[in-house]
Amino acid sequence: MTGAQARADDRMADVGLVRRLLIRPELGAVVGLVVVFVFFASQSPVFRSPAGIANWLDPAATLGIMAVAVALLMIGGEFDLSAGVLTGTSGLILVTLATRFGFNVWVAMLVGLVVALAVGFANGLIVTRTRLPSFIVTLGTFLMLQGINLGVTKAITGTVQVSGLRRAEGFEGANALFAGTIEIGGTSFRVAILWWVLVTAVATWVLVRSRAGNWIFAVGGNEQAARAVGVPAARTKIALFMTTAFAAWLVGSIMALRYTSVQANIGIGQEFIYIIAAVIGGCLLTGGYGSAVGAAIGAVIFGMADKGIVFLGWDADWFKFFLGAMLLLATLANRLVRRYAEEVRH
Amino acid sequence: MILETRGIGKTFGSVLALRDVSMSVTAGQVTCVLGDNGAGKSTLIKILAGVHRHDTGTLLVDGAEVSFASPREALDRGIATVYQDLAMIPLMSVWRNFFLGSEPRKGLAFDVAKARRVARDELRAMGIDIRDVDQPVGTLSGGERQSVAIARAVYFGARVLILDEPTSALGVKQAGVVLRYIARARDRGLGVVFITHNPHHAYPVGDRFLLLNRGTSLGEYGKGEITTQELTALMSGGAELEELAHELERE
């Protein structure tokens with residue numbers, strides 16, 4: 001036995017460390033993060049100053065909250081195209097109820113949360129019951145929500161935006177908690193960054209240290225096999241859709257409280273950005289693989305590029321080019337990793 | 001005797017999938033179910049595993065008649081099935097797969113340390129030499145995957161282990177590895193049902209042999225009552241093979 005054990009350990013040494021590093025889903029994103037940071041930081045002193053960091057961490061935070069939730073959903077094998085518009089819906093509900101119907105801000109937020117979770121639940125229920133691709137189902141909810149956002153806002157206000165949240169009751173407290181800033185060493189950072197860190201930490205814990213995490217990987221990897229060993233696949237997926245909806249509510253509320261007004265067309269097109277950030281973070285489009293930290297890093301790369309291009313005084317159009325290039329590179333890297341992980345050795 | 005069927009049968013619409021089959025599974029013994037494609041092997045094991053309900057005859061567990069409504073019920077009676085296409089997730093690690101659906105808990109959390117340790121110890125106890133329980137199941141060979149699935153069933157308290165063609169997709173060496181784990185499970189006191197169409201895999205490890213052909217039983221034999229040659233002849237219909245030999249001879 002000792003002989004066999006020693007032999008086993010020898011073999012572990014050859015493949016173990018390199019393989020374990022290569023197989024981390026975040027690897028590509030970390031490399032990308034370093035390259036992008038060095039690139040912008042070397043050219044722009046503002047970019048690497050504390051104020052600059054606070055500046056590019058802010059878009060990274062709001063995008064990151066969504067990207068992390070979307071990453072969990074993608075690891076579970078599904079997409080949510082309605083996530084972007086749902087941030088708008090949540091924000092619109094909050095501002096409309098607080099300004100036109102005299103609701104307390106906290107109550108209005110609660111109503112927004114209930115509606116968002118209901119949308120997530122509906123998405124999940126339809127996907128698991130009908131077994132239609134979530135791409136189609138959530139494309140349907142995406143269009144429906146887009147219509148509702150515009151239609152209802154126009155019907156109530158006669159314009160395509162609602163504003164005036166600042167005067168609503170309970171605004172100060174909610175604003176401080178969700179849209180405030182904190183001073184660190186003379187630089188003020190958005191409190192959204194803390195929410196983002198918290199969401200990433202909780203998501204990571206769930207993924208790697210909870211039973212639900214095991215189920216998420218399993219339903220995304222092979223739903224049939226997961227069900228065969230007793231994993232509640234439908235419940236897991238519905239919970240994931242509701243998690244994405246929760247994140248959409250959180251981000252929608254943060255934005256509404258920050259700007260005190262919401263455009264009825266906000267969030268449209270963002271759903272793809274979330275998916276791209278998750279993919280850059282190592283999520284496979286086919287599910288069953290990825291990480292929350294990776295998605296958060298993907299969001300940082302976005303934030304850096306978004307603001308960095310402005311700091312360098314380039315035309316913002318280059319951002320789109322950058323986005324496409326990152327996506328292609330990340331997908332190629334992911335495919336290599338997957339092939340490496342799945343190769344059968346005889 | 002843990003598991004027994006008496007004159008069991010199943011029809012799907014107008015198709016007679018299985019008719020009047022009797023067999024038994026004893027603790028610490030291997031019952032081989034042999035037959036060509038379409039002989040009714042899968043129908044039989046699906047009845048034992050609780051996937052299908054039988055139409056005629058009786059199914060007994062510990063001598064009492066049962067009728068399983070779901071695989072879960074069969075599992076609760078200690079009857080575990082390892083299917084050919086294995087319930088394993090290729091991109092997940094060995095230990096995550098090992099405990100999938102029955103994760104040990106520590107407070108609210110998944111007791112990861114325990115899962116890793118138990119998976120490693122259980123595999124070692126079965127004599128399965130896995131390099132690293134953290135590696136994805138997809139990197140294991142076919143034989144290793146079968147072995148992990150067997151070890152998992154043993155750990156979760158199976159008394160009867162049903163193996164659906166565990167060796168059919170494997171090379172000679174890998175098949176030997178799996179046969180060794182079947183013997184190991186048997187030695188730990190499990191009753192094993194080993195489905196195969198290869199008499200050369202069945203004979204060395206089997207104690208009893210049930211032969212199926214076109215949905216009916218050609219009889220259940222003890223090891224002393226039959227030889228490999230006879231098994232092969234019975235399975236394929238000896239006359240048919242001879243005919244084929246003639247047909248293929250050079251003119």
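Helices here are DSSP runs of at least four residues, numbered from the N terminus. Keep that in mind for the close-ups below, which come from a predicted model.

**Close-up 1. Ser82(A), tucked into a loop.** Look for Ser82(A) in the loop between helix 4 (50-75) and helix 5 (83-100) of chain A. Its relative accessible area is 0%, and buried means under 20%, so Ser82(A) counts as buried. The side chain of Ser82(A) makes a polar contact with the side chain of Asn123(A), at 3.1 Å. If you skip the neighbours within four places in sequence, Ser82(A) also touches Thr138(A), Thr141(A), Phe142(A) and Leu145(A), along with that Asn123(A).

**Close-up 2. The buried side of helix 8 of chain A.** Helix 8 spans residues 171-179, and its buried residues are Phe171(A), Ala174(A), Asn175(A), Phe178(A) and Ala179(A). Why do they sit on the same side of helix 8? Because they cover an arc of only 100° around the axis.

**Close-up 3. A nonpolar patch on the surface.** Here Phe135(A), Ile136(A), Leu139(A), Leu143(A) and Phe272(A) come together as a nonpolar patch, with about 450 Å² of accessible area together. Which helix gives the most to this patch? That's helix 7 (residues 134-157) of chain A, with four residues. Phe135(A) has its place in helix 7, and at 37% relative accessibility, Phe135(A) counts as partly exposed.

Notes:
Residues are numbered from 1 along each chain as its sequence is written. Chains are lettered from A and ligands numbered from 1 in the order in which they are written. This is a predicted model: local features need pLDDT of at least 70, side-chain atom pairs count only at pLDDT 80 or more; totals for chains, interfaces and linings use all residues. Side-chain values use heavy atoms; hydrogens and water are left out. Buried means under 20% relative accessible area, exposed over 50%, partly exposed in between (1.4 Å probe, protein chains only). Helices (H or I, at least four residues) and strands (E, at least two) are DSSP runs, numbered from the N terminus. The arc is that of the directions from the helix axis to the C-beta atoms. Patches are made of residues with over 30% relative accessible area and no salt bridge: like charges are joined within 9 Å, nonpolar side chains (Val, Leu, Ile, Met, Phe, Trp, Tyr) within 5 Å. Accessible areas come from the Shrake-Rupley method with a 1.4 Å probe; for residues, only the protein chains shown count as cover. A salt bridge is a side-chain nitrogen of Lys or Arg within 4 Å of a carboxyl oxygen of Asp or Glu. A polar contact is a pair of N or O atoms within 3.5 Å; within protein, one must be able to donate a hydrogen and the other to accept it, and residues adjacent in sequence count only if both atoms are side-chain atoms. Contact means heavy atoms within 4.5 Å.
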